[in-house]
Amino acid sequence: MKTLIRTAATVAALATAAVACTSTTAGAPPKLRTSSLGAIRLVAYTGCDDLLSGLREHAAQRVTPYGFDNVMPLAYMEDAARSVTPNAKTATPEHSTTNVHEAGVDEPDVVKTDGDRVITVKDGVLRIIDTATRKVTGSLKLTEGENGPGVPADLLVSGDRALVLMRGGDIMYKRMAAFAPQGDTRYVLVDLSGQPKVLSTIKPQGSYVDARMVGSTVRLVTRSQPDITFPEFKEDVSEAERVKRNQAAVRQAPADAWLPKIEITDASGTVKKDSVKCERVSHPADYTGTSLLTVHTIDLAQGVTAASTDPISLAADGDIVYGTGSSLYVASNPRWWMPVVISEPAVETPTTPPSQGDAAPAVEPTPTSPPLSGSATPGSSASSSEPGAEPTPTVPPEETEVHRFDIGSPGAPSYVASGKVPGRLLNQYSLSEYDGHLRVATTLTSPDGKNSSSAVYVLKADTMARTGEVGGLGEGERIYSVRFIGPVGYCVTFRQVDPLYTLDLRDAAAPKVTGELKITGYSAYLHPGAEGRLIGIGQEASEKGRTLGTQVSLFDVSDPAGPRRLSQLFQKDSGSAAEWDPHAFLYWPKTGLAVIPLTQQTESGGLVLKIDDSGVTKLGMIKHPGKDEYQAGIERALVIGDSIWTLSYDGIQVNDAATLAQQAWIPLR
């Protein structure tokens, strides 16, 4: 006898997801389970009894023979757009800031500057560099023993306060935050006014997803799973019996198993432990009960006290965060799905009722609460009309949930609504709030992975109900980049050639495609240039779709019906981190200066460009010193005054912005 269970695909499967999102067994093609789409009302629990009853039953329906599915969805790197900060005072040099998605909404990054200081965190050590003397004036080790190297961390800075966001664990968690082990997340508040010192440390339960800062107020999103110990089994215990006993463990778990914990240590070493209160937890109409999203609020200007993080939780998944000045959105992409055939013993064990021998070993969800995409629901994945025929897996719907929180007032955010759309997001740039609506761009792939198409959906921000959509983008392709600029949208899809679509989104009820440009290669990141111009960072490709090297394109989009490429700079056999991490892209509108990290077979460094209204011109390469044949790769670039500051793993280099001549080298190792 065989049964089918759903599992999350491995990291290797994620890497090949551009071709197909599913894998199937022999026999009939998988069936796509449909579900209603649209707005999802958010409901708060009335108390601990209500919370416990709901979470237990929903989680029990999603339990597998091996407990919960502990592989979390991949969190793609959050993307962004570089902004310019005017002089705060006469003595402060003009400087660039982190390349963010929305103006006025800061995003965590490995380096920050206010023009007078450069603050960076590497290998668990925070350093302050004076921009006038170009010397390290302060440093603070934030890790113990040998745990510093490889620990990924980001920064948010407001005035003389820095919040260091540490994930812990292996360096892979830097770009796969949702895979980080629970309990390794730490948020460290640091005083920068003199020699840096720790003011407080916050340890939330769960893994860090992302954060956004408006003014001095930070909203931090973590994701946790219930702390339930499942029984251990001998090898001869059947799948059905494993599920039965695991469900019993879930239904006996206390509310405390779900409620996220928080531990705050102040500067004196005093530790305060707390947890999210039952009445501070809400849930959508459909939810799995196997994970909770928690939003912590920290005002860097006021510091952290035992109650100041004001956490609220939602019984939902989430891996992509997008923020505006008044809204915080957390989206949950469908998990990568793969059916796996598990052979059970020919002879049932005495503990397995004979009547369950040919049945799927799980309790089916009730009709009023269908499982969300990616939830591990054994039993819903096998069906067959022919005796002895290979079971046909039922593919979960590939759809994305988006939850909106109102952050327009001080203190904790408030839930607004949730929505659901077909398909999968690429990253946070697939989301954009404008004029009371949220635009969402997704790619929907067929169950067999052979067909795909993309669309943009428009949701009403206050209810998350769908008001309009435009589909049919890139038939047989998937989205490689998206950019929304006011009422206009730009979408790049790719398989063999690169269609750049322009979208008119002025009428929320009737968005439409207004233009299309087909060229070889693709743009993986789109950035607004001068008026009527769009910058693309990506790869050139052959007519058959084979990538050839980094390309920087300048598009004329002044005529929405006729977008065209004005200029292309191509670097053969190369790649750039700016393709997938827009924080790595620097664009200085004042002079048209641009810098991207570039890695080639023979060298790596920072490719310096000039981008004006008519074209893209290469100015040169900034290279960091290396040992022997090793050459440090550049991760970030900043403009401070008349100089370009570039950051690599080994250090920071300062170069003249006009001549590219080296001015200083500041080692960080």
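Close-up 1. Beyond its neighbours within four places in sequence, Ile228 is in contact (heavy atoms within 4.5 Å) with Phe68, Ala249, Val250, Ala253, Ala257 and Trp258. Residues are numbered from 1 along each chain as its sequence is written, and side-chain values use heavy atoms, without hydrogens or water. In this predicted model, local features need pLDDT of at least 70 and side-chain atom pairs count only at pLDDT 80 or more, while totals for chains, interfaces and linings use all residues.

**Close-up 2. The largest nonpolar core.** A nonpolar core is a set of buried Ala, Val, Leu, Ile, Met, Phe, Trp, Tyr and Cys residues joined through side-chain atoms within 4.5 Å; buried means under 20% relative accessible area, exposed over 50%, and partly exposed in between (1.4 Å probe, protein chains only). This core has 24 residues, and Leu51, Ile228, Val250 and Trp258 have the most contacts inside it. Helices α2 (48-61) and α3 (239-252) each supply at least two of its residues; α2 gives the most, with 5. Helices (H or I, at least four residues) and strands (E, at least two) are DSSP runs, numbered from the N terminus.

**Close-up 3. Helix α2 and its cover.** Buried residues of α2 include Leu51, Leu52, Gly54 and Leu55. Among the elements covering the buried residues of α2 are α3 and β19 (281-284).

**Close-up 4. The disulfide of Cys48 and Cys278.** The structure holds 1 disulfide (cysteine sulfur atoms within 2.5 Å). The sulfur atoms of Cys48 and Cys278 are 1.9 Å apart, and the link is right-handed, with 95° about the S-S bond. Cys48 lies in helix α2 and Cys278 in the loop between β18 (271-275) and β19, 230 residues apart. Cys278 counts as buried because its relative accessibility is 3%.
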